[in-house]
Amino acid sequence: MRLSNYFLPLLKETPAEATIASHQYMLRAGMIKQNSAGIYSWLPLGLKVLRNIERIVREEQNKAGAVEMLMPTIQSADLWKETGRYDAYGPEMLRITDRGDREMLYGPTNEDMITDIFRSYVRSYKDLPKLLYHIQWKFRDERRPRFGVMRGREFLMKDTYSFDIDKDAARLSYNKMFVAYLNTFSRLGLKAIPVKADTGPIGGDLSHEFVILAETGESEVFCHKDLVEMDAPGDVNFSDDLSDHVEARTALYAAADEMHDADEFAKIPEDKQLTARGIEVGHIFYFGDKYSGPMKAKVMGPDGKEHVVMMGSYGVGVSRLVGGIIEASHDQDGIIWPKSVAPFGVGIINLKSGDAEADAACEDIYRQLTEAGCDPLYDDTSDRGGVKFSRMDLIGLPYQVTIGPRGLKNGVVEIKSRRTGEKQELSPAAAIVFLQTELGS
RNA sequence: CGGGGCGUAGCGCAGCCUGGUAGCGCAUCUGUUUUGGGAACAGAGGGUCGCAAGUUCGAAUCUUGCCGCCCCGACCA
């Protein structure tokens, strides 16, 4: 992409309404524009990141055996009355009436609808287990939206729903999502920790929040330090029993403030105790027959009897992750994108636009990097070098290639790593090989 | 939903207390000189001061109502 042809409205100054780094940088880098409290337009740069995250989340869901579908944003109130949630949900739910005065709502979640879909078709235990998911916009009329996309009213969420014949089988589904989440967050360049979460009236131990550590996190997290350094399982066979991977983690203490048990925490060796702020980016939950019961979602079992299916739901805050990743990865100059989600792989800085030699060299590298799949953003504007440098630092692409007359005289261009700040001079040909290798395409 | 704050040019702000017809920095446009980490000079454009009503000869400024936004708390992907 040529910058002159792109839509990248950058702000030089920090907007007054933004108080945390991710919100400030998303506004300054032209990623989002606020339209109302907690409601944002995604500008081109922001949308590219959102889509990259969405893609990784989708790939990991598919690997785990979940099947993608798409449910609507607008739902009929009828299903919600069936489960009793229409009254229970409260003012967080945006209620709408259509022209026929029928009660509708903008979905804050989809348990009721997926259960209705499931019961419409599935009759036998032989069709289980089932893991269905979609990635769809949700609306929750939060009391206090804040921090940009970290707590919006409209947000993009991946939500998976599992259906099993009994609780033991449901635990296997739960474990699949547990492992899939570890892999997902790892690919996003995040260290996510599974912490015990409140299971509400259902009880048991089958609910975990996945939190990433960041100073601006909304909740306090207490955990064993080893959890932070533990590698994600990576390639596993999702038809195997994954309990080992899950238990290796749940054996170590980890809880957010509301579930914190100071006595248990004190049993951890002192040098392994970690107290930090965390951002919740995922939540997995087993809730048994909470919806399948009242909605009569039943299948025939091998015993010839009807069984109410046991369900779980598994959410990832896709749009929140955009902010979360920035919170976890930025410096005083701007964002530092992990390669996996970066909006472009490399920025090309032409230090002297208008200089025939510099222009030609930039065009050449731009073309070759494009062909090499490095997705370059070429700053072909006539701005001064300093402006281009700070602009690239702000939007945080993993690499910058700086090309100017001085280097070209010696046959070299400069490559800078945004994360480490390391610079190296290479011939244009070597630079392309280097970037193609580093960006892994 | 309780408590606090803000709304003046695209962005960041001053002016308001003490009423007299709107200003600064950045950005934008034109020209000249510049160009390896946010250039300098000269000129130009851009605002019914959130909306409405009231007080007044006169309201950005005072009064009332409404709308919007932000922050702190209790709840949430």
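## Lysine 81 and its partner

Lysine 81 is partly exposed at 43% relative accessibility, a class that lies between buried (under 20% relative accessible area) and exposed (over 50%), computed with a 1.4 Å probe and protein chains only. Lysine 81 forms a salt bridge with glutamate 103, and their closest N and O atoms are 2.5 Å apart. A salt bridge here is a side-chain nitrogen of Lys or Arg within 4 Å of a carboxyl oxygen of Asp or Glu. Because lysine 81 lies in helix α3 (residues 77-82) and glutamate 103 in strand β6 (residues 103-106), the pair ties together parts that are 22 residues apart in sequence. Glutamate 103 also counts as partly exposed, at 34% relative accessibility.

This is a predicted model, in which local features need pLDDT of at least 70 and side-chain atom pairs count only at pLDDT 80 or more, while totals for chains, interfaces and linings use all residues. Residues are numbered from 1 along each chain as its sequence is written, chains are lettered from A and ligands numbered from 1 in the order in which they are written, and side-chain values use heavy atoms, with hydrogens and water left out.

## Other salt bridges

The whole structure holds 31 salt bridges. One of them joins glutamate 218 to arginine 146, with the closest N and O atoms 3.4 Å apart. Glutamate 218 sits in the loop between β10 (207-213) and β11 (219-224), and arginine 146 in the loop between β7 (130-139) and β8 (154-164), so this pair links parts 72 residues apart in sequence. Glutamate 218 is partly exposed at 33% relative accessibility, and arginine 146 is partly exposed with a relative accessible area of 27%.

Lysine 339 forms a salt bridge with glutamate 438, the closest N and O atoms being 3.2 Å apart. Lysine 339 belongs to the loop between β18 (334-335) and β19 and glutamate 438 to helix α14 (residues 428-438), so the pair ties together parts that are 99 residues apart in sequence. Lysine 339 is partly exposed at 43% relative accessibility; glutamate 438 is partly exposed with a relative accessible area of 30%. Salt bridges that share partners also join Arg55, Glu59, Glu60, Lys63 and Arg187 into one network.

## Helix α2

Arginine 55 of that network lies in helix α2 (residues 44-63). Arginine 55 is partly exposed, at 34% relative accessibility. Between arginine 55 and threonine 83 there are 33 Å in space, C-alpha to C-alpha, for a separation of 28 residues in sequence.

Glutamine 61 is also placed in helix α2, but counts as buried at 1% relative accessibility. Leaving aside residues up to four places away in sequence, glutamine 61 touches Ala66, Tyr133, Lys158, Thr160, Met177, Ala180 and Tyr181. Contact means heavy atoms within 4.5 Å.

## The five-stranded sheet

Five strands form an open sheet in the order β20-β19-β21-β22-β23, with mixed pairing. Two strands pair if DSSP finds at least two bridges between them. β20 (376-379) and β23 (423-426) are the edge strands, each with a single partner strand, so one side of each has no neighbour in the sheet. From one strand to the next the twist averages 20°. Axes are lines fitted to C-alpha atoms, for helices over the stretch in contact, and angles run from 0 to 180 degrees between N-to-C directions.

Strands β19 (residues 346-350) and β21 (residues 399-403) pair in the parallel sense over five bridges. In this pairing, valine 346 stands opposite tyrosine 399 in β21. Helix α11 (residues 356-371) packs on the sheet and touches β19, β20, β21 and β22 (413-417), its direction making about 170° with that of β19. Helix α12 (residues 385-395) packs on the sheet as well, touching β19, β20, β21 and β22, and its direction makes about 170° with that of β19.

## The chain as a whole

Chain A has 14 helices and 23 strands. Helices (H or I, at least four residues) and strands (E, at least two) are DSSP runs, numbered from the N terminus. The C-alpha trace spans about 80 × 60 × 40 Å along its principal axes.

Of the 441 residues of chain A, 53% count as buried. Among contacts in chain A with a separation of 6 or more, 71% are between residues 24 or more positions apart. Chain A exposes about 19,800 Å², of which carbon and sulfur atoms supply 48%; accessible areas come from the Shrake-Rupley method with a 1.4 Å probe, and for residues only the protein chains shown count as cover.
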